[in-house]
Amino acid sequence: MPNVMRLPPPSASGARAFAAAGLAVAGLFAATGAQAYLVSITPGARAIYLQVGTGTFSGTYTGGGTPGNNTTVNTVTATVPANAIGTGPQTMATNSTTTNSPYDNYAFCTPSSGQVYVGGFYRSNNSSQNATLTVTAPAYLVNATSDTIPISTISWVSSGTGDTSATIPSGTFNGSRQLLLSVARNNWFESCLTFTYSNAQLAPAGTFTGRAVYELVAP
């Protein structure tokens with residue numbers, strides 16, 4: 001699915017970090033032990049960082065590492081054979097290879113089972129306001145001949161190795177900007193998201209695509 005962006009010291013109007021996620025459904029369609037992973041970090045110069053899928057981080061955060069920009073846009077995909085149309089949910093695969101957390105190199109996600117890493121931090125010396133993590137997706141996935149599948153047919157489950165509760169809540173795309181998490185200053189957050197296509201409707205053959213944009217905004 002997605003990419004990574006980190007902003008240097010933000011302007012007075014606010015700081016933003018973006019990550020884009022590719023979503024696709026393809027196939028031959030018939031015509032008819034821990035808590036949620038939210039940890040405190042040492043206050044410092046005002047900064048935010050967001051990683052969704054593949055990212056760039058020199059070292060680890062706990063080891064004094066430095067995050068960087070990464071323009072990769074990973075994808076999640078589901079391929080549905082004609083004889084499986086409408087038979088029930090299909091777990092979507094991802095081309096992300098991010099397994100370890102850039103926070104401490106812990107093996108947190110399992111990309112081979114479809115998990116996409118989503119994490120980052122909000123750091124400040126004096127702000128009392130929270131940062132917000134949102135995702136914006138189009139109302140429909142669209143193929144080359146302009147046929148559509150509602151984006152609400154794609155949902156996600158949030159987890160992570162060792163987690164007993166999700167940091168980013170599980171949910172379903174609704175075609176608008178959705179609030180995922182409120183992040184208090186001087187906190188690192190992360191989850192592993194597994195996406196699912198509901199596979200409950202008929203649609204023309206083709207590859208249906210769309211892009212979800214994740215955004216971390218600090219006041």
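1. A disulfide is taken here as a pair of cysteine sulfur atoms within 2.5 Å, and by this rule the count comes to one. The structure is a predicted model, in which local features need pLDDT of at least 70 and side-chain atom pairs count only at pLDDT 80 or more, while totals for chains, interfaces and linings use all residues. Residues are numbered from 1 along each chain as its sequence is written, and side-chain values use heavy atoms, with hydrogens and water left out.

2. The disulfide joins Cys109 to Cys192, with an S to S distance of 1.9 Å, and the link is left-handed, with -90° about the S-S bond. It connects distant parts of the chain, since Cys109 sits in the loop between β9 and β10 (115-123) and Cys192 in strand β17 (residues 187-197), 83 residues apart. Cys109 counts as buried because its relative accessibility is 3%, and Cys192 counts as buried at 0%; buried means under 20% relative accessible area, exposed over 50%, and partly exposed in between, with a 1.4 Å probe and protein chains only.

3. As for the overall make-up, the protein chain has zero helices and 18 strands, where helices (H or I, at least four residues) and strands (E, at least two) are DSSP runs numbered from the N terminus. Buried residues make up 49% of the 219 residues in the chain. The accessible surface comes to about 9300 Å², of which 53% belongs to carbon and sulfur atoms; the areas come from the Shrake-Rupley method with a 1.4 Å probe, and for residues only the protein chains shown count as cover.

4. In a regular strand the side chains alternate between the two faces of the sheet. Strand β7 (residues 75-80) has Val76, Ala78 and Val80 on its covered face, whereas Thr75, Thr77 and Thr79 are on the uncovered one. β7 pairs with strand β9 (residues 93-94) in the antiparallel sense over two bridges, a pairing being called when DSSP finds at least two bridges between two strands. The bridge partner of Thr77 in β9 is Ala93.

5. The structure also holds one salt bridge, meaning a side-chain nitrogen of Lys or Arg within 4 Å of a carboxyl oxygen of Asp or Glu. Arg177 forms this bridge with Glu215, the closest N and O atoms being 3.3 Å apart. Arg177 lies in strand β16 (residues 177-183) and Glu215 in strand β18 (residues 206-218), 38 residues apart. Arg177 is partly exposed, with a relative accessible area of 47%, while Glu215 counts as buried at 8% relative accessibility.

6. The largest nonpolar core has 36 residues, and those with the most contacts inside it include Leu133, Ile168, Phe173 and Phe189; such a core is a set of buried Ala, Val, Leu, Ile, Met, Phe, Trp, Tyr and Cys residues joined through side-chain atoms within 4.5 Å. Strand β18 gives the most to this core, with five residues. Apart from it lies another core of 13 residues, among them Tyr49, Phe57, Phe108 and Tyr117.

7. There are 15 aromatic pairs, where rings of Phe, Tyr and Trp (its six-membered ring) pair if their centres lie within 6.5 Å, and planes under 30 degrees apart count as stacked, over 60 as edge-to-face and the rest as tilted. Trp156 and Phe173 form a tilted pair, 5.0 Å centre to centre with 55° between the planes, and both residues are buried. Trp156 also forms a tilted pair with Phe195, at 6.4 Å and 50°. Trp156 lies in strand β14 and Phe195 in strand β17, so this pair ties together parts that are 39 residues apart in sequence.
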